[in-house]
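Please open the model in a viewer and keep a selection tool at hand. The stops below follow one after another.

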Amino acid sequence: MIGPLAVAIHVLSLALAAWAFVEFFRHREPTRPLFTGLGVVGVLVAVQVVALVVGLAGGHGPGEGGEVVTLVGYMLTALLLPPAGAVLARMEPTRWGSLLIGSAAVIVPVLILRLGQIWNG
């Protein structure tokens, strides 16, 4: 687990969520910068997931089999959530699309936090 990258994901994702929620309350549809922000968060999450996969392949990480399965589940969810949020927001080009982006951006830090907890035991 890359600690500074996890912190960057938390900060950027929560800032994006705040911005998306402001846009939602202002009755504005998601704009290109919101989608770009979600894409940046998605790329950072992908880098973190690749680092975790490399660590697992190297024999690091949780020791128990059940913990590894849980870790892989969280990795897949964290990896797929930003693109899924973007697709759903594109399908809903109203203020609700901004809410979808904000919701995805709020969930990502929780997933990264949980990945760190499982990784460190």
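Select F25 first: with a relative accessibility of 60%, this residue is exposed (exposed means over 50% relative accessible area, buried under 20%, partly exposed in between, with a 1.4 Å probe and protein chains only). This is a predicted model, in which local features need pLDDT of at least 70 and side-chain atom pairs count only at pLDDT 80 or more, while totals for chains, interfaces and linings use all residues. Residues are numbered from 1 along each chain as its sequence is written, and side-chain values use heavy atoms, with hydrogens and water left out.

F24 is buried, at 8% relative accessible area. How many aromatic pairs are there? The count is 2, where rings of Phe, Tyr and Trp (its six-membered ring) pair if their centres lie within 6.5 Å, and planes under 30 degrees apart are stacked, over 60 edge-to-face and the rest tilted. The rings of F24 and F25 make an edge-to-face pair, with 5.1 Å between centres and 65° between planes.

Next, display R95. Its charged end sits over the ring of F24, at 4.0 Å from the ring centre, and also over the ring of W96, at 5.1 Å from that centre. A charge sits over a ring if NZ of Lys or CZ of Arg is within 6 Å of the ring centre and within 35 degrees of the ring normal.

Move on to S98, a residue of helix α4 (residues 95-120); helices (H or I, at least four residues) and strands (E, at least two) are DSSP runs, numbered from the N terminus. Is S98 buried or exposed? S98 is buried, because its relative accessible area is 0%. Leaving aside residues up to four places away in sequence, S98 touches A20, E23, F24, R28, E29, P30 and L34, contact being heavy atoms within 4.5 Å.

E23 forms a salt bridge with R26, and the closest N and O atoms are 3.9 Å apart. A salt bridge is a side-chain nitrogen of Lys or Arg within 4 Å of a carboxyl oxygen of Asp or Glu; the whole structure contains 1. R26 is partly exposed, at 46% relative accessibility.

Finally, colour the chain by pLDDT, the predictor's confidence in each residue from 0 to 100. The chain average is 94, and 100% of the residues score at least 70. Confidence is highest in helix α1 (residues 3-25), at 97, and lowest in helix α3 (residues 65-91), at a mean of 93.
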